[in-house]
Amino acid sequence: AISPTAIVSDACASYSTLERLNRNVKPALDDLTQTTDFFSYYRLNLFSNTCPFWSDENGMCGNIACAVETLDNEEDIPEVWRASELGKLEGPLAEHPGKQVQKEKPKKPLQGSLGENVGESCVVDYDDECDERDYCVPDDAGTTGKGEYVSLLRNPERFTGYAGDGARQVWDAIYRENCFQRSSFPQSASLGGPAQARGPAAMDFKAVMEAAGRKEVLEQERQQNPLTPFVAKTGLEHEDECLEKRVFYRVISGMHASISTHLCWDFLNQTTGQWQPNVACYVNRLHNHPERISNLYFNYALLTRAIAKLGPHLGEGGPYTFCTGDHDQDAETRAKVLAVTENASSVPQIFDENIMFKNGEGPSLKEDFRNRFRNVSRLMDCVGCDKCRLWGKLQTAGYGTALKVLFEFDNNNEDIPVLRRTELVALFNTYARLSSSLAAIQKFRAMVEQPETAT
Ligand code: FAD
């Protein structure tokens, strides 16, 4: 197996390098994801899939009771502040037009209004096919006419009040996918349901978390030296844990950390009714767990590398058109995409995908890794809050796309990653989520360290 030292030397960047990079990337990413139709509408199956792993009676959230743990006396607060209201989607939904209509490339919005000046041609996917190289289950694989378009701008990722047993069950099941204790398992069958959830795999999760705890002191020491390579800060660098398993854990923990960052940053103060940062939330969920912050930064590096690798294929002459029929809009969107990819390429390679799945047990792990990540994406159908499910699905699709770009395509000009529109939108929006998490963490850190000067 590859030793932890090898990872440090091959995938190296400090917190400060990533934060400096993010100061350049963030404006470009915000511009791309907040001002273009192509990247601000996402198509997914939000409502038509049921949770494939357990039934609603087994603690699935989606009802008020789930939220009571965080919102005391929920009935006493105004309805608009209740978790069930906070978690609802805003804005018009447009249904997927279906393949038949897609071929005709309609000029007018089909159903619902997607907002002003949004041409339907900019929000249509032409390719729903599933690919064996996918790390995610495409939301509408093999089907037509399914899925809805949702405005990401109208539905920001923020505090919703979704908590309690339902949310906990989903996170536990996600982390259980990290336990690579079985040498092989049938695709889509690793989660058997609640009985299995309480079995040995759950104990492995506990061991992983305890191991992370033991590393915290080391973490804190290392964080005081910003030049320490960030990959060394995983908190999970066990001698017996190979790179691939560690990367899997870091991706999901980093995603979890990013979600926590956003809900703490955009938190509803139920006393004043104001949306504002909640420092105590940050301290409890992130500041006191530096390995989670480290994993978030790791994800930022991972996505930076995936975007940089994809960059050369996104220019003129490549397979991507961004919008069919409108040359000006197409060119404008492309220029904004390239502004992001050029910034992401401005640092030396900070994650080396070429050392993954190569040595030791690595090659045999690849399919397992991919299948487990697909299960994580399937688990998003068990999230019992619409807005959380939207961002959970988008982000697992974004990470899945990054892993596909990194591990399924060679670094040569002939092996061109061709992605579905939804994958591209998910990838860039997930990068934008991580980018805003980095910015929020820096501000939170200032609030904790210098509360009197922090704004
Ligand atoms: P949780 O965040 O539920 O964590 C459960 C346990 O996991 C913790 O006790 C800890 O042991 C461990 N843990 C926590 N963080 C990490 C980490 N980074 N790495 C490793 N282990 C960790 N709520 C919102 O308000 N807005 C949202 O948009 C939102 N989106 C969600 C999306 C998904 C897919 C899911 C499953 C939940 C979402 N939630 C959202 C709920 C939110 O993530 C929490 O579950 C909820 O706030 C309750 O938090 P908690 O303190 O009980 O701990």
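**Ligand shell and aromatic pairing**

By class, the shell of residues around the ligand is made up of 15 nonpolar, 4 polar and 5 charged residues. The structure described here is a predicted model. In total, 24 residues surround the ligand, and the closest of them are R158, T160, Y175, S253 and H256. Two helices, α7 (residues 164-176) and α11 (residues 243-265), each contribute at least two residues to this shell. The largest share is that of α11, which provides 6 residues. The space that the ligand takes up is the largest pocket.

Polar side-chain atoms approach the ligand at several positions. The side chain of W171 places an N or O atom 3.0 Å from an oxygen atom of the ligand. For R285, a polar side-chain atom is likewise found 3.0 Å from a ligand oxygen atom. Y175, one of the closest residues of the shell, has a polar side-chain atom 3.0 Å from a nitrogen atom of the ligand. On its own, the ligand has 940 Å² of accessible area, of which the protein covers 86%.

Aromatic pairs were also examined. The structure contains 20 aromatic pairs. One of them joins F298 and F351 in an edge-to-face arrangement, with a centre-to-centre distance of 5.8 Å and an angle of 85° between the planes. F298 belongs to helix α13 (residues 290-310), whereas F351 is located in the loop between α14 (residues 327-344) and α15 (residues 362-379), so the pair ties together parts that lie 53 residues apart in sequence.

How values were computed: Residues are numbered from 1 along each chain as its sequence is written. This is a predicted model: local features need pLDDT of at least 70, side-chain atom pairs count only at pLDDT 80 or more; totals for chains, interfaces and linings use all residues. Side-chain values use heavy atoms; hydrogens and water are left out. A residue is near a molecule or strand if one of its heavy atoms lies within 4 Å of it. A polar contact is a pair of N or O atoms within 3.5 Å; within protein, one must be able to donate a hydrogen and the other to accept it, and residues adjacent in sequence count only if both atoms are side-chain atoms. Accessible areas come from the Shrake-Rupley method with a 1.4 Å probe; for residues, only the protein chains shown count as cover. On a 1 Å grid over the protein atoms alone, a cavity is a set of points where a 1.4 Å probe fits but cannot get out, and a pocket is an open set with protein on both sides within 12 Å along at least five of seven lines; lining residues have an atom within 4 Å of a point. A molecule sits in a cavity or pocket if more than half of its atoms lie within 2 Å of its grid points. Helices (H or I, at least four residues) and strands (E, at least two) are DSSP runs, numbered from the N terminus. Ala, Val, Leu, Ile, Met, Phe, Trp, Tyr, Cys and Pro count as nonpolar, Asp, Glu, Lys and Arg as charged, and the others, Gly among them, as polar. Rings of Phe, Tyr and Trp (its six-membered ring) pair if their centres lie within 6.5 Å; planes under 30 degrees apart count as stacked, over 60 as edge-to-face and the rest as tilted.
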